[in-house]
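This report concerns a single protein model. The sequence and coordinates are shown first.

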Amino acid sequence: MIMPITTNYEKEEPDAGAVNSHTPREIVRQLDDYIIGQSQAKRSVAIALRNRWRRRRVPPPLRDEIAPKNIIMIGPTGVGKTEIARRLAGLAQSPFLKVEASKFTEVGYVGRDVESIIRDLLELAINMVRGEEREMVREKAKILAEERILDLLVPPSSSRPGSAGAGVSPFFAWGAGGPTGGGKDISPAVADVTGLPDAAAGSKAGPLRPTDMATMARTAAETSTPVSATGSPGPGGFSESTREKFRKMLREGKLDEREVEVELEQQQSTPMFEMLSAGGMDGMESNLRDMFSKMFPRKTQKRKCKIREAREILQQSEAEKLIDHDRVIRLAIGRTEQAGIVFLDEIDKIASRAGSSGHGPEVSREGVQRDLLPIVEGSTVTTKHGMVHTDHILFIASGAFHVCKPSDLIPELQGRFPIRVELNSLGEEEFYRILTEPQNALLKQYVALMKTEGIDLLFTDEAIREVARLATEVNSRTENIGARRLHTVMERLLETLAFEASDLSEKKFEISADYVRQQLAEVVGDEDLSRFIL
């Protein structure tokens, strides 16, 4: 008798929306737009991504027991392994990091340790969450930035709440007598935008000059009396109507080319920290950077810029103030642990070759595998933002395995990649489809490039098939580098046209099969020459 298993499924957690909710069929369909063939690999990664979403909907007691099924993709170079990783980064909607396994070294050797993978993944998650939080407060930050710009353009009076005159631009601090004073205060006649030189009329833009301000002040003195910040006459300052008129001009873009002075945080140059990071001491680098930031606070500097640029700068500054950074770190750590994906490329480069004696660099290869093992199977990595558990991070590895086999990896690491997918070599028909079908097809790229020169580049179907045939022939006679061969063949084919395109009077150029053979026959026919050129 089969006993039914019942579970109480819950709704997604607040941050679970970060996990991709596409169905496997939808994921495969989107991958098909850029990658030709390799249906088994697409299905495997699509199922793995969907399982991330499914796991988040399982109740907590059982959820923690569901481990990700890591994938290892095996196939020759140029068949789409790295391209699948690139497209997954856009589909995942979660922290995704692609790293080269050959860049890491065993602990004790000069280089980066494997724990830096998790630190980098967390930084990506922090940037992702911070971007989302910044988008949530964008409208409020936009309003605050507008107020700060208005404070620079129209200094509020001291009686106005929260306006102590801080950040006031000197452009509007003059009286009618000029920058040195000696005249009447600028009165609300300035509020009459018809008195603002160039801005209201939309003539050529430039910084507000002292002569402009003096003219405006004289006009103000002749036509009205000073008013207070509340709109009634008072000792100095601008009326609210003045501020609103400037606000209207600001929103209409009439002041975008005017210059104001803003206060920015000065970027500190720390070459010593960069040297530590390059040397593989990421933990020491982050700790020293934090220590020095507390000992020596960042200085501010004043900078003159146009209002269009100042608006963006102040909007970013206000958004950072509105963001709860502790919440960002908390969400980022949770997202890294529950939805993080690491793509380990070139994993075959750290596998010990069959029959090796175990001396020299082979020891370092196995050392990297031993260091990777605890991270892949689940451990705790210390970062400057807190502890990160790797138990539920998905790892997807890939390698060509030309000189070694997956079985040459240490057995413990092999067991952590239960799903193995073999990618097929590409032939003439696949090359033809690669040239024509994807959204970023190679032919479409060259047509767009020639379009910038005013040339309509056309390819006949026979020419495309001839290119695919020649690329397949060169791959079979020399080193098989897969679809990357198409790049070298196309560059050789269009070399003459690319050089003479700007001088051609004829704006329509057709590539035929005969033209393809004419340009490539000599190189393809000479095997020794094709090894160096194609």
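## Basis

The model is predicted: local features need pLDDT of at least 70 and side-chain atom pairs count only at pLDDT 80 or more, while totals for chains, interfaces and linings use all residues. Residues are numbered from 1 along each chain as its sequence is written, and side-chain values use heavy atoms, leaving out hydrogens and water.

## Parallel sheet

An open sheet is formed by five strands in the order E2-E5-E8-E1-E9, with parallel pairing. Strands are DSSP runs of at least two E residues and helices of at least four H or I residues, numbered from the N terminus; pairing requires at least two DSSP bridges. At the edges, strand E2 (96-100) and strand E9 (419-422) each pair on one side only.

Five bridges join E2 in the parallel sense to strand E5 (residues 341-345). Lysine 98 stands opposite phenylalanine 343 in E5.

## Lysine 81

Lysine 81 lies in helix H4 (residues 81-92). Its contacts (heavy atoms within 4.5 Å) include Phe343, Ser398 and Leu423, not counting residues up to four places away in sequence.

## Nonpolar cores

A nonpolar core is a set of buried Ala, Val, Leu, Ile, Met, Phe, Trp, Tyr and Cys residues joined through side-chain atoms within 4.5 Å. The largest comprises 57 residues, and Met490 is among those with the most contacts inside it. Helix H17 (residues 461-477) gives the most to this core, with seven residues.

A second, separate core of 43 residues includes Leu97 and Ile333.

Conventions
Buried < 20%, exposed > 50% of the residue type's maximum accessible area, 1.4 Å probe, protein only.
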